[in-house]
Amino acid sequence: SGRITEFGELSAFRYDLPDGIDPGVRTTLERTRSELDALALPLPSDPVGVGARWRATTTSRIGGFPLRQEITYELTGIEGSTATYTAEARQYAEDQEVALDDLPEGTTARLVSSRVEGSASGTMDLTSVAATARSTLAGTQVIDLQRSGEPDRRLTQELGITVVVEPA
């Protein structure tokens with residue numbers, strides 16, 4: 001279940017996980033729960049019409065670390081109670097310790113940088129939680145791994161992320 005405010009912000013979301021679910025699946029789904037607010041279309045506080053542009057800046061926990069996200073939206077259409085939009089997104093995170101699953105004993109991880117950019121489009125029904133979205137993001141993430149008695153290892157990941165949200 002979920003609630004969306006009059007400004008399109010996800011104010012409450014929850015789902016119940018069944019008993020006996022695989023622990024890895026449970027962890028993934030619990031992390032996903034905190035990331036769903038990024039899928040809502042936040043509306044500006046002033047009235048807008050087709051062609052309006054506005055920026056939303058949020059902080060989410062993605063992959064276990066705080067990620068700052070700046071999105072510039074453009075309202076491209078309104079038909080009945082459905083708003084259509086496009087967006088340009090920029091996500092970034094700065095130098096910080098991170099907790100990564102499955103690291104060997106005594107190994108620590110430090111996120112050096114994360115920069116991801118992309119675009120999105122979608123629809124949002126202004127009278128319900130029904131929405132569609134498609135986003136494509138690409139960028140680079142740099143992580144240093146440290147283990148006592150061993151040289152530091154720097155990992156550079158090239159990321160390509162596509163998210164599609166459609167009615168069930």
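The paragraphs below describe the nonpolar cores of this predicted model and then some of its salt bridges.

Residues are numbered from 1 along each chain as its sequence is written, and side-chain values use heavy atoms, with hydrogens and water left out. Because the model is predicted, local features need pLDDT of at least 70 and side-chain atom pairs count only at pLDDT 80 or more, while totals for chains, interfaces and linings use all residues.

A nonpolar core is a set of buried Ala, Val, Leu, Ile, Met, Phe, Trp, Tyr and Cys residues joined through side-chain atoms within 4.5 Å, where buried means under 20% relative accessible area, exposed over 50% and partly exposed in between (1.4 Å probe, protein chains only). The largest such core here has 15 residues, and those with the most contacts inside it are Leu-41, Trp-54, Ile-71, Tyr-73, Tyr-85 and Ala-87. Two or more residues of this core come from each of the elements β3 (53-62), β4 (65-79), β5 (82-93), β7 (107-125) and β8 (131-147); strands of this kind are DSSP runs (E, at least two residues), numbered from the N terminus. The largest share, 4 residues, is given by β5. Apart from this core lies another one, of 8 residues, among them Leu-67, Leu-111, Ile-143 and Leu-145.

Charged side chains form a second topic. A search of the whole structure finds 6 salt bridges, a salt bridge being a side-chain nitrogen of Lys or Arg within 4 Å of a carboxyl oxygen of Asp or Glu. One of them joins Arg-115 to Glu-94, with the closest N and O atoms 3.0 Å apart. This pair links distant parts of the chain, since Arg-115 belongs to strand β7 and Glu-94 to the loop between β5 and β6 (96-98), 21 residues apart. Arg-115 is partly exposed, with a relative accessible area of 42%, and Glu-94 is also partly exposed, at 43%.

Between Arg-110 and Glu-97 the closest N and O atoms are 2.3 Å apart; here Glu-97 lies in strand β6, so its pairing with Arg-110 in strand β7 ties together parts 13 residues apart in sequence. Arg-110 is partly exposed, with a relative accessible area of 23%, whereas Asp-95 counts as partly exposed at 48%, and Glu-97 counts as partly exposed at 48%.
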